[in-house]
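Colleague: I would like to learn how to read salt bridges in a model. Please show me the structure first.

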Amino acid sequence: MTVKASSLRLAILGLFALRVALAAARALDLTPHQGFREGNEGAPTAVVQFFDGKNKIDFQPPHGWRPTGGGNSVTFLSQDVTRAWMKLTVVEKEALEPPAGDLQAWAAKFIPPGSEKVEFVRTVPSPFTIGAHESTEFVFTFASFGSRDSISICVIDLSKTERLVMLVSSDTANFIRIRQLAIASMFSWSAGG
């Protein structure tokens, strides 16, 4: 190998390592941290904080819902409705692009494994936004452990490389209320310094 080829190879490896390091530095980390949001009046509001590189994100989940997990996903469990939960997952956009632009089929991959009799219910364009980024929601029902459950799968592209997926599920009888609570909580998503 010549010195020129060796230098070129090192330069390419260096650029690749830099790209990986920059991507990791900007990646949304959904590890929950306790925080407070200061308002204009009254006491500060308790929030869950995430980090996107050096930027802090404040998020207020539905009241009483407790976070578990971290890294690329966090799940919030309802304290008053059995089997009701909300999960936020960040995925690399390029790794999971939908085939032929079929975002509904791509979203359906997030339906819990082992689900049976899956039925598509509807698409809801932009039930919430994060900054200028609009979301798309897909609602399905499915059979699981002898009951009928519903799931909302919202997809929002945060950047050219990251996609946030919000999953909300409960038994069908409580789904409308649980879905409304989860979507309302997404309006609290606030990026700060």
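Colleague: Is Glu 137 buried or exposed?

Modeller: Buried means under 20% relative accessible area, exposed over 50%, partly exposed in between (1.4 Å probe, protein chains only). Glu 137 is buried, at 0% relative accessible area. A caution on the source: this is a predicted model, where local features need pLDDT of at least 70, side-chain atom pairs count only at pLDDT 80 or more, and totals for chains, interfaces and linings use all residues. Residues are numbered from 1 along each chain as its sequence is written, and side-chain values use heavy atoms, with hydrogens and water left out.

Colleague: Which residue forms a salt bridge with Glu 137?

Modeller: Side chains of opposite charge can pair when their charged atoms come close. The cut-off is a side-chain nitrogen of Lys or Arg within 4 Å of a carboxyl oxygen of Asp or Glu. Here the partner is Arg 179, with the closest N and O atoms 2.7 Å apart. Glu 137 sits in strand 8 (residues 133–144) and Arg 179 in helix 3 (residues 175–186), so the bridge ties together parts 42 residues apart in sequence. Helices (H or I, at least four residues) and strands (E, at least two) are DSSP runs, numbered from the N terminus. Arg 179 also counts as buried, at 15% relative accessibility.

Colleague: How many salt bridges does the structure hold?

Modeller: It holds 6. Among them, Asp 58 meets Arg 37 at 3.9 Å, N to O. That pair links strand 3 (residues 55–59) to strand 1 (residues 28–37), 21 residues apart. Asp 58 is buried at 9%, while Arg 37 is partly exposed at 24%.
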